Amino acid sequence: MKPHSDTFTFLLTNDTRDLGTLSNPIFNINYLQKKNNYSRITCFIDNFQAMLLTLSDITNLIYLESNLNQLNSYSSKSKGTSNILFFVNRNIEEHASSGTNDSAVSYQGSTTPIEIGSLPESISLKLVKANGNSVDMDTGGNIFSIKLRFVCEYSSGGCGCGCG
């Protein structure tokens, strides 16, 4: 049987979260026409942008942590599957006249597959510094947005809804 797929895309921003805080937002996910028998689920990060206007330290390496555990991965931190979606380096712009730093990070991984075991009912996201501390998104004008795409494969036998 030829495999078919459903594709779900979500644009999420930490200031339009359902639960949590700006630093650790949680999004309730609604799937239209979701089937029950997906044989493979792959997540892609089509785009990620963050404005980190009031970050006072000079941490350059930041990663995005989530509740999406990647199959066939390993994290030395958790001693299990990895929940880190990607790493980014900050671009810091110093303003000598005002004594402030502005920075932004971006990531595009539209061809980098992240295989997960099941579609989540909610997604939690958190920017984390290399030392393990969360990036403070609650202060000032710090914001991020991410576009996630889930490609869910299923067999063409029947209608795919699990009815037989």
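Modeller: A residue is called buried under 20% relative accessible area, exposed over 50%, and partly exposed in between (1.4 Å probe, protein chains only). Strands are DSSP runs of E with at least two residues, helices are runs of H or I with at least four, and both are numbered from the N terminus. On these terms, S5 is mostly covered, with five of its six residues buried.

Colleague: What kind of model is this, and how are its residues numbered?

Modeller: The model is predicted, so local features need pLDDT of at least 70 and side-chain atom pairs count only at pLDDT 80 or more, whereas totals for chains, interfaces and linings use all residues. Numbering starts from 1 along each chain as its sequence is written, and side-chain values use heavy atoms, with hydrogens and water left out.

Colleague: How many helices and strands does the chain have?

Modeller: The chain has ten strands and zero helices. Read from the N terminus, its elements therefore run β-β-β-β-β-β-β-β-β-β. Of its 164 residues, 40% are buried.

Colleague: Which strands does S5 pair with?

Modeller: Pairing of two strands requires at least two DSSP bridges between them. S5 (residues 61-66) is joined to S9 by five bridges in the antiparallel sense, and five bridges also join S5 to S6, again antiparallel. Individual positions can be followed across these pairings. Towards S9, Ile62 stands opposite Lys129 and Glu65 stands opposite Lys126. Towards S6, Leu64 stands opposite Phe86.

Colleague: How many residues of S9 are buried, and how many bridges join S3 to S9?

Modeller: S9 (residues 122-129) is mostly covered, with six of its eight residues buried. Three bridges join S3 to S9, and the two run antiparallel. In that pairing Phe27 stands opposite Ile123 of S9.

Colleague: Which residues touch the most other members of the largest nonpolar core?

Modeller: In soluble globular proteins, nonpolar side chains tend to be buried together. A nonpolar core is a set of buried Ala, Val, Leu, Ile, Met, Phe, Trp, Tyr and Cys residues joined through side-chain atoms within 4.5 Å. Here the largest such core has 36 residues, and Phe48, Leu127 and Phe150 touch the most other members. Two or more residues of this core come from each of S1, S4, S5, S6, S8 (100-116), S9 and S10. The largest share, six residues, belongs to S10.

Colleague: Which residues is Leu127 in contact with?

Modeller: Contact means heavy atoms within 4.5 Å. Setting aside neighbours within four places in sequence, Leu127 is in contact with residues including Phe48, Ala50, Leu52 and Phe144. Ile62, Tyr63 and Leu64 are also among them. For the chain, among contacts between residues at least 6 apart in sequence, 76% join residues at least 24 apart.

Colleague: How many aromatic pairs are found in the whole structure?

Modeller: Rings of Phe, Tyr and Trp (its six-membered ring) pair if their centres lie within 6.5 Å; planes under 30 degrees apart are stacked, over 60 edge-to-face, and the rest tilted. Eight such pairs are found in the whole structure. One of them joins Phe10 and Tyr31 edge-to-face, at 5.5 Å centre to centre and 90 degrees between the planes. Phe10 lies in S1 (residues 3-13) and Tyr31 in the loop between S3 (25-28) and S4 (40-51), so this pair ties together parts that are 21 residues apart in sequence. Both Phe10 and Tyr31 are buried.

Phe48 and Phe144 form a tilted pair, with 5.7 Å between centres and 35 degrees between planes. Because Phe48 lies in S4 and Phe144 in S10 (residues 143-155), the parts tied together are 96 residues apart in sequence. Phe48 is buried at 0% relative accessibility, and Phe144 is buried at 1%. Phe8, Phe10, Tyr31 and Phe150 form one aromatic cluster.

Colleague: Is Gln33 buried or exposed, and what is its phi?

Modeller: Most residues other than glycine have a negative phi. Gln33 has a positive phi, near 60 degrees. Gln33 is placed in the loop between S3 and S4 and is exposed, with a relative accessible area of 69%.

Colleague: Where does Arg90 lie, and is Arg90 buried or exposed?

Modeller: Arg90 lies in the loop between S6 (84-89) and S7 (91-95). Its relative accessible area is 6%, so Arg90 counts as buried. The C-alpha atoms of Arg90 and Ala50 are separated by 9.6 Å, with the two residues 40 apart along the chain.
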